[in-house]
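Notebook open, structure loaded. I want to go through a few sites one by one and jot down what turns up.

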Amino acid sequence: MVRVKENFFIYADPRKCLGCKNCELACAIAHADCDLQTAVTKGLQLQPRNLVVQVDDMVMPIQCRQCEDAPCALACPTGAIYQEDGFVKINEGNCIGCKVCTMVCPFGAISITKDINDNSNYRTKKAKARKCDLCFSRIQDNNEVSCACVEACPTKAIMLVDYESYRKKLIEERGKELVRAHTKTKV
Amino acid sequence: MSKMNKTIDPAVNYLLPLAKKAGLETAWDRYEAMQPQCGFGELGICCRICWKGPCRIDPFGNGPQRGVCGADAHTIVARNLSRMIVAGAAAHSEHGRHVALTLLEVGEGHAPAYQIKDEQKLRDIAEKLNLSPAGKDIKQVAKEVALASLEDFSRQKHSIPCNWAKETMSAERVDKLAKLGVMPHNIDAVITEIMGRTHVGCDADAVNVLLGGLKGALADYTGMYLSTELSDVLFGTPEPVVTAANLGVLKKDAVNIAVHGHNPLLSEIICDVALKMNEEAKKAGAKEGINIVGICCTGNEVMMRRGIPLATNYLSQELAIITGAVDAMVVDVQCIMPAITSLAECFHTQVITTMRENKITGATHIEFHEDSAFDSAKKIVEVAIDAFKRRDNRKVNIPDYKQTAIAGFSAEAIMAALSKVNAKDPLKPLIDNIVNGNIQGIALFAGCNNPQVTQDNNFITIAKELAKNNVLMLATGCGAGAFAKNGLMTQEATEAYAGDSLKAVLTAIGKAAGFNGPLPLVLHMGSCVDNTRAVKVAVAVADNLGVDLDKLPVVASAPEAMAEKAVAIGTWAVALGLPTHIGIVPQIMGSSVVAEFLTEKAKDLLGGYFIVETDPEKAADQLFTAIKERRKGLGI
Ligand code: SF4
Ligand code: SF4
Ligand code: SF4
Ligand code: SF4
């Protein structure tokens with residue numbers, strides 16, 4: 001049986017996030033195929049796939065959790081959102097903007113926005129779903145996932161987590177605690 | 001960043017790996033650690049002017065488009081820029097005030113360390129400022145000139161422009177600027193005015209705020225102009241001098257004192273005193289006595305007046321300490337990295353601060369006052385000699401790189417060289433050659449290094465390109481440092497890089513002026529406060545041709561700009577009518593109104609405008625295109 005690896009995801013530490021929104025800018029740029037200055041001078045509309053939100057006195061960015069049993073992928077009538085190689089991917093070209101994914105995402109991680117730079121001749125509104133794709137489009141030949149937001153965060157509040165190694169570390173830590181508790185009771 | 005070369009300076013390239021091995025951190029390391037830098041700041045759209053903020057504008061239109069008070073991106077960018085300009089103006093004009101006050105003390109006989117070294121220049125200035133110096137005692141003239149200069153810091157009547165601004169520009173320019181309401185009447189007042197009008201809830205119309213910025217830039221011009229001219233009076237007007245540049249000028253067997261910063265008031269006296277203390281250094285074991293070297297613009301000041309070699313320019317100042325051979329680094333004001341004191345901890349080097357208003361934690365502070373300048377200088381040299389005794393020679397790594405550099409082309413020195421060709425009308429050979437196209441135009445390079453680009457590379461690339469196209473080049477500040485370190489201030493560079501007609505002209509003038517060959521490819525016009533020297537030449541040419549500056553084929557470039565002072569200089573260059581290139585994307589792109597004003601609308605209003613281009617080859621093209629456009633306008 002082929003073992004399928006669980007999805008990577010972005011983990012944010014609200015204690016470290018300063019709400020500078022640099023991750024939003026970086027994400028928007030990463031998905032726009034141009035640099036910040038050009039985008040701004042040309043008045044391009046850029047779309048971050050993440051959103052820094054403030055909850056009480058905490059700030060943190062929210063983006064797709066890369067759910068294993070992804071509701072958005074299950075609900076999407078056109079198959080624009082789908083699971084592949086440990087990513088919840090999106091093919092914006094297939095999206096019809098029906099917003100079902102937005103409704104079912106438990107984290108509000110999908111936004112439907114209009115692309116004002118798209119000049120194709122639509123009969124209807126031009127909105128598409130946008131969601132974090134773990135910067136899939138940026139993956140180079142070396143197969144390294146490099147998320148623009150993670151790289152851009154000045155306080156390193158966000159990181160890309162490989163679920164398996166994350167869990168391994170977690171278990172090791174808990175294990176250590178248990179061992180310590182054990183040795184103490186002995187003494 | 002990691003893919004970009006850090007520098008083209010061979011001495012720096014030699015030292016950086018050693019620094020890394022020793023675990024010593026430099027500006028490049030800190031720059032890398034800083035990545036990515038905040039996009040809002042880059043675009044200039046964050047506002048921290050009041051405590052309701054920080055506010056920031058979403059450049060993509062999804063989030064807030066106005067700050068809490070309602071200021072939009074245009075207002076915020078314009079305010080931030082204008083504040084930068086006046087910070088630059090403040091730095092330059094404090095320097096100028098200091099020099100003017102010293103001249104006043106000399107006039108009154110209170111500053112024994114200083115003299116009037118260029119009486120003729122003082123009298124010429126007095127003439128220019130309409131003070132009728134004929135027949136007056138020189139000390140009296142000094143006092144009157146100092147007071148007239150200080151008046152530019154105190155005049156309350158708005159309708160009367162600053163002496164130093166009005167008397168140094170073409171009449172047409174003064175008129176144009178006055179009509180725009182941007183002619184400064186009082187340097188201090190203008191700086192205060194702009195801080196006031198950019199306070200929360202004041203001037204909110206981006207264009208009006210920018211006009212304030214222009215006025216601030218012209219206040220900067222005024223402070224700089226008087227600063228340079230009065231320094232010449234006190235310390236002598238620079239004349240060409242052959243010296244050397246780059247870290248190879250440090251000497252293993254000497255007490256090395258690096259003078260760093262901007263103000264010549266102390267460094268000049270240190271040079272005087274050090275000469276007298278050579279024996280003491282030798283007694284301490286330094287076979288070659290005392291070796292003074294310069295860094296940044298204090299370095300340029302003593303280089304062009306005394307031929308003291310230049311160790312390095314802004315971005316590599318830390319590397320001077322990393323050589324392990326600097327016994328004392330004496331710093332005054334501006335462009336001193338606070339990092340030097342923690343680096344110095346790893347060596348025997350003493351960092352000595354000298355100004356009450358500029359201290360750095362970890363430095364030895366030896367305060368300097370004009371009336372007791374000798375004493376402070378003596379103390380400083382003693383500290384250096386003492387440090388030398390503790391030097392660990394195993395840690396010494398002096399890179400074997402230095403270049404010859406010919407420095408000291410003040411406006412007067414250029415005129416003197418030209419007058420050897422035509423004594424009656426010195427400007428004629430220059431103008432004739434511009435008109436007949438042997439010289440296509442003039443480019444002034446100014447200021448700074450910036451780790452966002454490969455150190456010195458923009459300067460050198462653009463200069464080689466323009467040289468080919470027969471453009472005469474001048475340089476000041478750390479730009480001058482870049483050319484000096486990399487061998488472009490030599491006669492050999494003229495032979496190697498100048499286009500045929502430029503080479504012929506530089507050779508003719510050079511030979512006539514006794515250089516035994518051509519003038520150097522790039523003429524060293526001084527420190528960054530000395531940019532007005534170039535204006536002096538340009539205004540003379542403009543007056544001679546009977547046109548305003550905005551018609552001349554003269555351009556400016558700050559291809560590695562960094563400091564607020566550079567922002568101020570660039571802005572007054574535009575206000576005076578020059579196409580002005582910057583090689584670093586300025587923090588204004590978040591406002592289309594501001595960007596358009598500075599790169600386009602300014603052209604209609606002032607003749608000058610900004611060219612933003614980060615690629616040095618393309619920048620050279622654009623500068624040359626601007627020159628050709630101007631030539632066409634003049635019908636030549
Ligand atoms: S970049 Fe980091 S600190 Fe800034 S908003 Fe994003 S997560 Fe927060
Ligand atoms: S909006 Fe697009 S992505 Fe979302 S469910 Fe509909 S088709 Fe699929
Ligand atoms: S978009 Fe929402 S529902 Fe879909 S995978 Fe991500 S978190 Fe899960
Ligand atoms: S991982 Fe990439 S796509 Fe996802 S939020 Fe971050 S920058 Fe955007």
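I started with B:Cys47, which is buried at a relative accessible area of 11%. My cut-offs: buried is under 20% relative accessible area, exposed is over 50%, and partly exposed is in between, with a 1.4 Å probe and protein chains only. B:Cys47 sits in strand E1 of chain B, residues 46–47. I take helices (H or I, at least four residues) and strands (E, at least two) as DSSP runs, numbered from the N terminus.

Ground rules before going on. This is a predicted model, so local features need pLDDT of at least 70 and side-chain atom pairs count only at pLDDT 80 or more, while totals for chains, interfaces and linings use all residues. Residues are numbered from 1 along each chain as its sequence is written, chains are lettered from A and ligands numbered from 1 in the order in which they are written, and side-chain values use heavy atoms, with hydrogens and water left out.

I checked the UniProt record for B:Cys47. Its unreviewed entry lists B:Cys47, B:Cys50, B:Cys55 and B:Cys69 under "binding site". These four span 23 residues in sequence, but no two of their C-alpha atoms are more than 10.5 Å apart, so they gather at one spot.

Next, the ligands in chain A. What surrounds ligand 1? I find A:Cys17, A:Leu18, A:Gly19, A:Cys20, A:Lys21, A:Asn22, A:Cys23, A:Val52, A:Pro61, A:Cys153, A:Pro154 and A:Thr155. To count, a residue needs a heavy atom within 4 Å. That shell splits into eight nonpolar, three polar and one charged. Ala, Val, Leu, Ile, Met, Phe, Trp, Tyr, Cys and Pro count as nonpolar, Asp, Glu, Lys and Arg as charged, and the others, Gly among them, as polar.

Ligand 2 has 13 residues around it, the closest being A:Cys76, A:Cys95, A:Cys98, A:Lys99 and A:Cys101.

Then salt bridges. Side chains of opposite charge can pair when their charged atoms come close. I call it a salt bridge when a side-chain nitrogen of Lys or Arg is within 4 Å of a carboxyl oxygen of Asp or Glu.

I looked up B:Lys485 with B:Asp9, which meet at 2.7 Å, N to O. This pair links distant parts of the chain, 476 residues apart: B:Lys485 is in helix H20 (residues 477–485) and B:Asp9 in the segment before helix H1 (10–21). Buried or exposed, B:Lys485? It is buried, at 1% relative accessibility. B:Asp9 is buried too, at 0%.

B:Glu465 and B:Lys468 also form a salt bridge, with their closest N and O atoms 3.4 Å apart. They are three residues apart in helix H19 (residues 457–468) of chain B, so about one helical turn separates them. B:Lys468 is exposed, at 51%.

Over in chain A, A:Glu173 and A:Lys176 make a salt bridge at 3.4 Å, N to O. Both are in helix H6, three residues and about one helical turn apart. A:Glu173 is partly exposed at 36%, and A:Lys176 is partly exposed at 43%.

Last stop, A:Leu170, found in helix H6 (residues 163–186) of chain A. At 36% relative accessibility, I log A:Leu170 as partly exposed.

Key. UniProt positions are given in the numbering used here, feature names are shortened, and annotations may be inferred rather than shown by experiment.
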